[in-house]
Amino acid sequence: MLLKDQVAIVTGGSRGIGKACVLALAAAGAKVAFVYKGSEDAAKALEAEIAAGGGVAKAVQGDVAEPATAERVVSGVLAEWGRVDILVNNAGVIRDGLFVRMDAADWHTVVNTNLNGTFSFCKAVSNQMVFKQRSGRIVNVSSVAAEHVNAGQTNYAASKGAVNAFTRALAVEFGSRNITVNAVAPGFIETDMSEAVRNKAGDIIKKMIPLKRLGKPDDIANVVLFLCSPAAAYVTGQLITVDGGLSLGATVA
Amino acid sequence: MTLDEIFNRVKPQLVDALGVDEDDVTMASRLQGDLNAESIDFLDIVFRLEREFGLKIDRNELFPESIFQGDPLFLQNGMLTAAGLDELRTKMPYADISKFEANPKFENIGDLFTVELIAKYIQSKLK
């Protein structure tokens, strides 16, 4: 077991990419606490699915946009499992709309969840990882939409671009403590978040992807698992794009 | 507690925080110049000393930051001013600044942060 006896926290863990990450980490032997906001049924089902397979997972309700959530989740994990080796900041939301029509609430909701939620969880694990363990893995789930921007996503692009910069800066500070900090940038993945766009433009998007298919949550989880594994010990401060080649921007003749 | 007794308890903390060999740590060792401490290591050292000695240590007291903010009152043309040296004496009464004040180049200020400085600071706190 690649991650035997390790403890992981995954935010936004009940659905989509987060769920795939929870399953991958648990299958690799980690004890996984995952945070969900509203999907209680999905969270409980995932908890049961992992337990049935002999793994250990615990669903914790919480909104990462609330500053107090991270501290509560992390202290609960430390009280129960005594350490935290892996943090996957995956919880994310979109509130798409053209900027002239975007109200402040749409901006703040996206920034509070995608960027400030990432900050809060990194902050909450930092004392434990930096001073007590002197080891750890942090993976922030970003998006290709930070670098390859779309109309209607000023808030989302800004939040993910900030996560990328934060990832690099934190990697520098944590390096001497054997803590790696990386980000993964998914392209078009088949999740609830991308459903509306997929329904509208799925076929056109597929044509733009050299690998000729949309991504699956597992495609992202595999890379997250790699970054959390001993094999990635020398990788830090990087943004790994996982998009089937979409961001190459090539015209496939 | 004597300085030597304190030193013997500080040494393992530095070995753990900085990943250096015990033999590398002497009273005269400079944290940055000799033991390669980075800024995050200073925080680490403070936490460890608090635990080891059961003290509450104000980080700004052990490693005073006022000097490092670039205030022109304290710092001009890369040199500490007379007011800057006074500030050092006030904030770090346990530091030996006699050598530094002869040529108070800011870039050499790290030389003040020695293991002996820590030991003297702890001793003053324990009194």
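The structure is a predicted model, in which local features need pLDDT of at least 70 and side-chain atom pairs count only at pLDDT 80 or more, while totals for chains, interfaces and linings use all residues. Residues are numbered from 1 along each chain as its sequence is written, and chains are lettered from A and ligands numbered from 1 in the order in which they are written. Chain A has seven helices and seven strands, whereas chain B has six helices and two strands. Here helices (H or I, at least four residues) and strands (E, at least two) are DSSP runs, numbered from the N terminus.

**Chain A overall**

- Starting at the N terminus, the elements of chain A follow the order β-α-β-α-β-α-β-α-β-α-β-α-α-β.
- With a radius of gyration of 17 Å, close to the 18 Å that the globule rule gives for 253 residues, chain A is as compact as a globular protein of that length. The radius is taken over C-alpha atoms, and the rule is 2.2 Å times the number of residues to the power 0.38.
- Along the principal axes, the C-alpha atoms of chain A fill a box of roughly 50 × 40 × 35 Å.
- Of the 253 residues in chain A, 45% are buried. A residue is buried if 20 or more other C-beta atoms lie within 10 Å of its own, exposed if 12 or fewer, and partly exposed in between, with C-beta atoms placed from the backbone.
- Taking contacts in chain A between residues at least 6 apart in sequence, 74% join residues at least 24 apart. Two residues are in contact if their C-beta atoms, placed from the backbone, lie within 7 Å.

**Helix packing in chain A**

- Helix α1 (residues 16-27) and helix α7 (residues 217-228) of chain A pack at an angle of about 50°, with their axes 8 Å apart. Axes are lines fitted to C-alpha atoms, for helices over the stretch in contact, and angles run from 0 to 180 degrees between N-to-C directions.
- The pair α1(A) and α7(A) is therefore oblique; angles under 35 degrees count as roughly parallel, over 145 as roughly antiparallel, 65 to 115 as roughly perpendicular and the rest as oblique.
- Residues of α1(A) in this contact include A:I17, A:A20 and A:L25, and those of α7(A) include A:I220, A:V224 and A:C228.
- By class, the contact of α1(A) with α7(A) has eleven nonpolar, two polar and two charged residues. Ala, Val, Leu, Ile, Met, Phe, Trp, Tyr, Cys and Pro count as nonpolar, Asp, Glu, Lys and Arg as charged, and the others, Gly among them, as polar.

**A closer look at A:P186**

- A:P186 sits in strand β6 (residues 179-186) of chain A, and is buried, with 29 other C-beta atoms within 10 Å.
- Beyond its neighbours within four places in sequence, the contacts of A:P186 include A:I17, A:I220 and A:V242.

**Chain B and the interface**

- Chain B reads α-α-α-β-β-α-α-α along the sequence.
- Buried residues make up 26% of the 127 residues of chain B.
- Helix α1 (residues 3-18) and helix α6 (residues 115-126) of chain B pack at an angle of about 120°, with axes 9 Å apart, and are therefore oblique to each other.
- Between the chains, the contact takes four residues from chain B and four residues from chain A. The chain B side has two nonpolar, no polar and two charged residues.
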